[in-house]
Amino acid sequence: MKRANCLQSVSDDCCILCKSSVDDAQRLGEKRTLDDVTIHYFCALFASGLHQNGERDAEGIWGFLLDDIRGEARRARRLTCAFCKQCGASVGCLVKSCHSAFHFPCGLDNGVLNQYCGSFSSYCEKHRLCQEGPDKKPSVGAVDTCAVCLCSVEPMPSVKVLMVPCCQNSYIHRECIQQQALASGLHFFKCPLCNNKELFTAEMLKFGIYIPDRDASWEQEANAFNDLLERHCFCDVAKCRCKFGRGYNEVDSCWEIMLCDSCGSEGTHLACSGLKTAMDDWMCNACDAVFVKVSKEKERKRRNSEKRKFAAVSGSSGSSSYRNGRRVCPQIVEPESCDVELRGHSLLTASSSNDALHRSVDNPYKPRRRCLSRYVQRHKKVGSGVPDDRPRWVKNLLNDDIHTGRNLGAKLSFMHTSESESQE
């Protein structure tokens, strides 16, 4: 970079501090001129002896008074740049024991770390802050992929490579992330991998990435939001009845285009969908399908909820329940007694009191088996040679392992009714 000698006359378009006429807003910041003073924005911010003494930014240049700028230029003439060996070095290393001074553009070209936040400190190439690399050093020749440009990058923090703090073993080029910061601005700047904002922004500012406090570049374009002001004006039904075309729209008539109440991205003529006025409700096919699906799902959940409530109510009144970890069966009401006349046998009197037929908590099957055993003992055939001429349904009744007294009561009732009809 060509720089004018301090002993020579400086042109009007050269910065009063760095003596450079380059107008690069990304590297040096905006260049402004007021009266006979021209200065870069970053040269003013990082000058060691220059302070913003203006009451507001509009006073002087960005709040730097002209007399203060001239005084800083006189101070810098006594210092020599450590890189170009020219006078006018206005930027110094923050470390007190270091006496290195340099021009701001020279520092950028020689690995100086500039922090674009806080007090705008600078560190020379010997005292610059370094990121802590991985515990295990990568092998020789190992390469990684930059998360911004997707090109190869050395997997080790350096002057040109930064490690992503929120994503392990991820690296990016300094120039790539700087371009992203200039494009997105402070409000949209985030990690290109995990979208982390706070940790990533703090780390990038600490290690010399300039993030301007402004909106993103895509929001500052002319007419960037004009598309949001356009209203859909087209009939999207399958068969449009308008003879003037789908795009015809006449307010307060049957050919007025009405938009979907849900999405607003499709429209229809009032006459094409059988609508009377623009105040009627109408939804496009896509939104209507979603609405029907959601309604069916709600109805299914409602029915399942009612079934669960009904099961809970019926379980508490008539179904089995649990008490102290054991199953308790409901009380079953059976007829007090029923007489059944068997062929060649005496009458059977089956007592169905609650104590005999209902299962207990300790042994649910004991009362039922005891009742059947008494029946068998009472009506057992005498002698082994006598044939068993009892009906099959009576045999099944005796051999069946009945789990509830309800079944026995139903069978006995049926037996009683059948015998009564036969006698009549």
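Helices here are DSSP runs of H or I with at least four residues, and strands are E runs of at least two, both numbered from the N terminus.

**Ground rules.** I'm working on a predicted model, so to speak: local features need pLDDT of at least 70, side-chain atom pairs count only at pLDDT 80 or more, and totals for chains, interfaces and linings use all residues. Residues are numbered from 1 along each chain as its sequence is written, and side-chain values use heavy atoms, with hydrogens and water left out.

**Entry 1: the H7 pair.** I looked up Arg302 and Glu306, which both sit in helix H7 (residues 285-317), 4 residues apart, or about one turn of the helix. Salt bridges join Glu299, Arg302, Arg303 and Glu306 into one network through shared partners; a salt bridge here is a side-chain nitrogen of Lys or Arg within 4 Å of a carboxyl oxygen of Asp or Glu. For Arg302 and Glu306 I noted 2.5 Å, N to O. Arg302 is partly exposed at 38% relative accessible area, and Glu306 is partly exposed at 44% (buried is under 20%, exposed over 50%, partly exposed in between, with a 1.4 Å probe and protein chains only).

**Entry 2: other salt bridges.** How many salt bridges does the structure hold? I have 9 down. One of them pairs Arg27 with Asp109, the closest N and O atoms being 2.8 Å apart. Arg27 lies in helix H1 (residues 25-28) and Asp109 in helix H4 (residues 104-109), so this pair ties together parts 82 residues apart in sequence. Arg27 is partly exposed, at 29%. I also checked Glu30 with Arg32, where the closest N and O atoms are 3.3 Å apart. Glu30 is partly exposed at 42%, as is Arg32 at 35%.

**Entry 3: the cores.** Which residues have the most contacts inside the largest nonpolar core? They are Ile39 and Phe104, in a core of 33 residues (a set of buried Ala, Val, Leu, Ile, Met, Phe, Trp, Tyr and Cys residues joined through side-chain atoms within 4.5 Å). Strand S2 (37-40), helix H2 (41-46), helix H3 (66-76), strand S4 (101-102) and H4 each give two or more residues to this core. H2 gives the largest share, 5 residues. Leaving aside neighbours within four places in sequence, I found Phe104 in contact (heavy atoms within 4.5 Å) with Arg27, Leu28, Phe42, Cys43, Phe46, Val91, Asn114 and Tyr116. Apart from this core lies another, of 20 residues, among them Tyr171, Phe189, Phe207 and Ile209.
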